[in-house]
Amino acid sequence: MTTLLGSSLPRPDALGKVTGDARYPGDLVRPGMLQLKVVFAGRPHARIVAIETSAALAYPGVVAVLTAGDVPYNAYGLIDADQPVLCGDVVRFEGDKVALVVAESQEIAAAAAKLVAITYENLPAVTDPRAALAPDAPLVHQHHGSNVLGYVPIRKGDTAHGLAEADIVLEGEFSTSWQEHAFLQPEAGIAFVDDQGRLVVETAGQWLHEDRRQIAMLLNLPVEQVVIRYATIGGAFGGREDLSIQHLAALAAWKLRQPVAIVWSREESMIGHHKRHPISVRCRWGATNEGKITAVEAEVIADGGAYASTSIEVTKVAALFATGCYEVPNISVDGYAVYTNNIPAGAFRGFGAPQAQFASEIMVTRLAHALGIDPVELRRRNIYREGSIEPMQEPLPPGVSALPVLERCVTEAQARFQQAARRSDDHAPGTTTFGTNGITSHLRRGIGIACGIKNIGYSFGFPEQATATVELHGTGTVEHAHVRVGAAEVGQGTHLALGMIAAETIGLPLDKIVMITDDSSEAPNAGSASASRLTLMAGRAVQDAAVAALLAWADEERPAQATVQFRPPATTPLDPITTAGRPNYAYGYAAQAVEVEVNTLTGQVQVLRVISVHDVGKAINRQQVEGQIEGCVAQALGYALMEHFQMRDGHILTPHFSTYLLPTALDMPTEIVPVVLELADPQGPYGARGVAEMPLVPLAPAIAAAIHDAVGVWLTEQPMTPERVLMALGAQQTKIERPG
Ligand code: MOS
């Protein structure tokens, strides 16, 4: 192997992004392009009695007003096509779309959108998932018959037996809230019909070929007639997995045969795209005095909102990880994805794993405390090892590195936290600190640790593949190569990583590799930029195609070309009776240790230090791996402590960044230590596995444990805001003052 793999090469897209030269979807311009404005429902549940468009149409500069009748096939969705493009009879959440106004300018479109007069008859809204499960609850989808979008049972062993065997049984109840992706560029794009009669959509997204499939379907077009191209993408994090505006611009451009542009404001983006699922977990964990976990029972309820999106898949992941990364002999989990009249919930970095492991990691630490066993030691006694049996009753895919990742985290934490304590001459974690005047300080420090597991790639039988084409050009020797792979560069650095894999495999310098990646008609389907899968999946497709192209080259083919579809070992759908099977083909393992300072007067939690340890199999580009870890820790910190997307009675209370608080530089820890282990995944290219989502999994429970270490209370609701910390401290105070 050359020194290329593992080096910290700079990103080719970095310069344009900082100078402003990069063209994001909102920067795209076509001559004569029209502007599109969406008319949102603005109410959680209502019947549409009438839509009056004549006043809007009469407004000078308005070209068209489109409504449900203008959509050839008015249903779409990533997994289930249960969402109307434009609502014709019923609206089911505030951000449902009822009409599109197309006009000569954004100002005209916005003014005319206000003139679309819609008469509604309000329907009872159901906005609490538990209430939505009641037999007499109003139905979000009449024809569906109930609000249960998906039921996910997982059974292993015999929990009654396992709980009877336990020396101690703890109960817990946890809740998490929505999270907003808050990517830098709100949704935008243009659509037009090109001179070959193809409908071209230039936008941002996470999966060229899936966007193409959905748009072709709702317009009744053959997929070849639709071309999706990605411009520079300002982050995605799962939030661009579902269609948001791409199909709206496509519909208008196809109808009108004119170029159409759309740019959402931040507020439209907040209301218009799905969020991370709020999930509540009720559970019971049993363990023996020796620290063996004997049984886990859990109920996992996910608020799916008004449309399916990926809710069932997220709920499967959450149910699977209700026992974290621990081998538990007896498991009974009931997962429910529930329809409500809230904003739809869907993919967000971690995809159900952070919510489930917020609960499971806190439960493991609580068990350790109750048993008088060190929380790290309890983890060691139960953590997944090679050959451990998963909740779905089969062995884990090979390459299990949970324990070495935990051990490395412990070593790093011991070294760094002690060092830091010596440097700042501060006090041992978990003890009260005293000011110079001898008065108890209101600042308390604590440390916490947590583990995390996240699948790489699609789970539970969802078809999984990645395809790449490599072409080798030259006369005597290979002089340069074209790599065609339809993988979305959402800011994670996949194009550079895939280029490095190609260069390494072919034996060319990186600047002799031409990457063709952003056009669905030019690059084959590599699947989505999601599930931390592109490095492993698209990376293997590129590597295998490069090897095959080299063989063709040896056979004197000029240019030599090979297309390879990589398919990992099959996973199996959830069996509704036995629940046995193979949910995933690969996992990423993480562990984090944190040190926090809790202000007992304000409830503010400042994270001082984070150690984030990951087995990435092989770091293709070390700087990018560390960047993913640091960026993800920032997002995880916001999730743990601050980001509180709120709805009340179906209305979003936090549609702006002034009310939805994101962490800034001042909220970040003084030290984030990314630690990268390279224990090869048996399938990954050069052993690489994914890392993108993993740092989001352990941070919230690690911070919860550190808060407990500092002030002795458990926070069980995410985000752990100052108000909630104060409330927990107040409850503790009351207990002390009024014993019994
Ligand atoms: Mo991501 S949550 O796998 O788009």
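**N220 lies in the loop between α6 (208-218) and β11 (226-230).** Helices (H or I, at least four residues) and strands (E, at least two) are DSSP runs, numbered from the N terminus. The model is predicted: local features need pLDDT of at least 70 and side-chain atom pairs count only at pLDDT 80 or more, while totals for chains, interfaces and linings use all residues. Residues are numbered from 1 along each chain as its sequence is written, and side-chain values use heavy atoms, with hydrogens and water left out. Phi of N220 is positive, near 55°, and the residue is not a glycine. Most residues other than glycine have a negative phi, and most peptide bonds are trans. N220 counts as exposed, with a relative accessibility of 55%. Here buried means under 20% relative accessible area, exposed over 50%, and partly exposed in between (1.4 Å probe, protein chains only).

**S532 lies in the loop between β19 (513-516) and α14.** S532 is another residue that has a positive phi without being a glycine, the angle being about 50°. Its relative accessibility is 9%, so S532 counts as buried.

**A cis peptide bond joins R558 and P559.** Omega of this bond is about -15°. P559 belongs to the loop that runs between α14 (534-554) and β20 (560-566). P559 is also one of the residues in contact with H473, a list that leaves aside neighbours of H473 within four places in sequence.

**H473 is in strand β17 (residues 466-473).** Contact means heavy atoms within 4.5 Å. Beyond its neighbours within four places in sequence, H473 is in contact with V478, E479, H480, H482, W553 and P559. A308 is 165 residues from H473 in sequence, and the two C-alpha atoms are 46 Å apart in space.

**Helix α13 covers residues 494-506.** From the first C-alpha to the last, the 13 residues of α13 reach 18 Å, close to the 18 Å expected at 1.5 Å a residue. The expected span is 1.5 Å times one less than the number of residues in the helix. Because 13 of its 13 residues are buried, α13 is largely enclosed by the rest of the structure. After the helix comes G507, with a positive phi near 85°.

**V610 is in strand β22 (residues 605-615).** The relative accessible area of V610 is 0%, and the residue is therefore buried. Not counting residues up to four places away in sequence, V610 touches A593, V594, V633, P669, E671, I672, V673 and L699. A593 is 17 residues from V610 in sequence, and their C-alpha atoms are 5.8 Å apart. L699, another residue touched by V610, is among the buried residues of α16.

**H614 is also found in strand β22.** H614 has a relative accessible area of 1% and is buried. Residues up to four places away in sequence are again not counted, and H614 then touches Y589, A590, Q592, I629, V675, V676, L677, V691, M694 and P695.

**Helix α16 covers residues 699-711.** This helix of 13 residues reaches 18 Å between its first and last C-alpha atoms, close to the 18 Å expected at 1.5 Å a residue. α16 is mostly covered, with twelve of its 13 residues buried. The buried residues are L699, A700, P701, A702, I703, A704, A705, A706, I707, H708, A710 and V711. G712, just after the helix, takes a positive phi of about 80°.

**The peptide bond from Q718 to P719 is cis.** Its omega is near 0°. P719 is placed in the loop between α16 and α17 (722-737).

The C-alpha atoms fill a box of roughly 75 × 75 × 60 Å along the principal axes. Among contacts between residues at least 6 apart in sequence, 80% join residues at least 24 apart.
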